Amino acid sequence: MTRIGIVAGEASGDLLGAGLLREIKKRLPDAAFEGIGGPLMQSAGCRSLFPMDRLSVIGFEGVEKYPEILGIRNKLIDHFQSSPPDLFIGVDVPDFNLGLEERLKVAGIPTMHYVSPTVWAWRGYRIRKIRRAVDHMLTLFPFEASYYRKHHVPVTFVGHPMADQITDRSSMAAMRRALHLPAKGMVIALLPGSRRSELKRHADLFVKTALWLHKRHANIHFVAPFINPETRTIFEEALYRQGAWFLPVTLVANQSRDAMAAADIVLLASGTATLEAALLKKPMVVTYKMSWLSYLLVQPFLHVKLYALPNILAGRKIVPELMQRDATPEKLGMAVENFLTHRDKTRSLRTVLADMHRSLRRNADARAAEAVIRLLKPRKQPAGKMPVMAN
């Protein structure tokens with residue numbers, strides 16, 4: 001029996017991990033998995049030793065949980081060192097998994113990390129820790145693989161599972177009917193962020209931008225998805241605070257992909273949602289604001305001039321990105337309006353985004369599983385048999 005340790009720390013990692021586990025099972029039916037996973041990984045056969053939501057802490061949010069998280073990591077180290085798996089896979093959450101991987105690698109357990117930390121973008125010094133901790137890196141984007149090869153870290157570019165899931169068959173008209181949006185006219189999706197802290201910073205900015213656009217284009221309808229009642233309430237409070245209760249805006253629960261698919265243009269906070277919008281071939285305007293203290297602390301460690309994933313993937317600015325002091329209602333509104341009035345730009349952008357989609361559609365779950373099998377093979381070699389060396 002092949003034993004694989006695996007740890008994911010949030011919903012996106014649970015989704016990635018579940019796809020990987022299913023593909024490994026196809027190739028190694030006797031494989032057993034244990035570590036930390038959410039409901040999707042557990043349904044794919046992972047025995048979760050701790051609840052996954054204990055690890056869902058971002059940055060300085062929930063600092064009081066750190067002692068508990070460190071305790072969980074130490075217990076996992078003890079568990080895997082006393083009963084070593086054939087391989088350990090850390091899925092994302094690098095602040096948790098890299099330290100765990102480093103200790104397990106020292107103990108002789110092969111380690112793999114799935115989803116590159118943004119070491120190429122900021123805190124580049126982490127590459128030294130990654131080299132110590134990781135036997136093999138699996139990346140979602142091709143430029144990340146190039147970065148790791150340059151720094152002598154074994155790597156496989158597997159593509160992005162989202163690119164495999166999203167097809168070109170979704171109908172804008174059908175999405176509008178499903179969300180009860182106007183069949184005709186322009187629809188703009190507003191995605192100010194999924195976390196409470198992001199909504200606190202962006203809600204008023206997005207409402208003011210919608211007001212600016214509505215005054216100039218009365219036929220525009222807006223749609224805004226929210227992952228829970230709390231984030232929706234923050235946005236509703238901004239609507240009333242800005243006297244914008246009359247805006248033609250439809251608020252929906254979850255359904256962010258459907259909201260973007262139904263829209264002509266997307267205004268959104270920088271993050272994974274920008275990739276989703278790109279795979280849906282949507283013109284977009286990207287923004288982000290953080291506190292000035294956070295910005296000043298982060299700035300010295302940044303190594304990139306582009307922030308939005310579509311721009312990073314293209315290697316140039318193909319969609320507007322307006323950050324910090326450039327994130328004003330007027331500038332955001334004009335960037336959206338530019339797509340409204342220059343349809344040729346929209347058509348050429350969609351061509352670029354279609355090429356991007358093809359480059360990321362690689363059957364990621366299967367490619368990741370094949371990389372796992374390759375890393376396992378040296379340890380699974382039967383005793384007494386020497387591998388045949390190619391000439």
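Q: Where does Ala173 lie?
A: Ala173 is part of helix α8, residues 172-178. Helices here are DSSP runs of H or I with at least four residues, strands are runs of E with at least two, and both are numbered from the N terminus. This is a predicted model, in which local features need pLDDT of at least 70 and side-chain atom pairs count only at pLDDT 80 or more, while totals for chains, interfaces and linings use all residues. Residues are numbered from 1 along each chain as its sequence is written, and side-chain values use heavy atoms, with hydrogens and water left out.

Q: And what is the accessibility of Ala173?
A: Ala173 has a relative accessible area of 44%, so it is partly exposed. Buried means under 20% relative accessible area, exposed means over 50%, and partly exposed is in between, using a 1.4 Å probe and protein chains only.

Q: How far is Ala173 from Ala263?
A: Their C-alpha atoms are separated by 9.7 Å, and the two residues are 90 residues apart along the chain.

Q: Switching to Pro310: buried or exposed?
A: Pro310 is buried, because its relative accessibility is 0%. Pro310 sits in helix α14, residues 309-314.

Q: What does Pro310 touch?
A: Leaving out residues up to four places away in sequence, Pro310 touches Thr274, Ala278, Met284, Ile318, Val319 and Met356. Contact means heavy atoms within 4.5 Å.

Q: How far apart are Pro310 and Arg132?
A: They are 178 residues apart along the chain, with 31 Å between their C-alpha atoms.

Q: OK, Met162. Where is the place of that one?
A: Met162 is in helix α7, residues 161-165. Its relative accessibility is 11%, so Met162 counts as buried.

Q: Which residues does Met162 touch?
A: Not counting residues up to four places away in sequence, Met162 touches Arg257, Thr272, Glu276 and Leu279.

Q: What joins Glu276 with Arg257?
A: Glu276 and Arg257 form a salt bridge, and their closest N and O atoms are 2.6 Å apart. Glu276 is in helix α12 (residues 272-279) and Arg257 in helix α11 (residues 256-262), so the pair, 19 residues apart, links distant parts of the chain. A salt bridge here is a side-chain nitrogen of Lys or Arg within 4 Å of a carboxyl oxygen of Asp or Glu.

Q: Are those two buried or exposed?
A: Glu276 is buried at 10% relative accessible area, whereas Arg257 is partly exposed at 29%.

Q: How many salt bridges does the count come to?
A: The count is 17 salt bridges. One of them pairs the side chains of Arg241 and Asp204, at 2.7 Å from N to O. Arg241 in helix α10 and Asp204 in helix α9 (residues 196-216) are 37 residues apart, and the pair links distant parts of the chain.

Q: Which of that pair is buried?
A: Asp204 is buried, with a relative accessible area of 18%. Arg241 counts as exposed, at 52% relative accessibility.

Q: What does Glu337 form a salt bridge with?
A: Glu337 pairs with Arg216, and the closest N and O atoms are 2.9 Å apart. This pair also links distant parts of the chain, with Glu337 in helix α15 (residues 329-341), Arg216 in helix α9, and 121 residues apart. Glu337 is buried, with a relative accessible area of 12%, and Arg216 counts as partly exposed at 49% relative accessibility.

Q: New topic, the surface. Which residues make the nonpolar patch?
A: Tyr240, Trp245 and Phe246 make a nonpolar surface patch of about 430 Å². Patch residues have over 30% relative accessible area and no salt bridge; like charges are joined within 9 Å, and nonpolar side chains (Val, Leu, Ile, Met, Phe, Trp, Tyr) within 5 Å. The areas come from the Shrake-Rupley method with a 1.4 Å probe, and for residues only the protein chains shown count as cover.

Q: Where is the place of Trp245?
A: Trp245 is in the loop between α10 (229-241) and β10 (249-253). Trp245 counts as exposed, at 62% relative accessibility.

Q: Last one: what is the phi of Val93?
A: Val93 has a positive phi of about 30°, although it is not a glycine. Val93 is in the loop between β4 (87-91) and α4 (94-106), and it is buried, with a relative accessible area of 12%.
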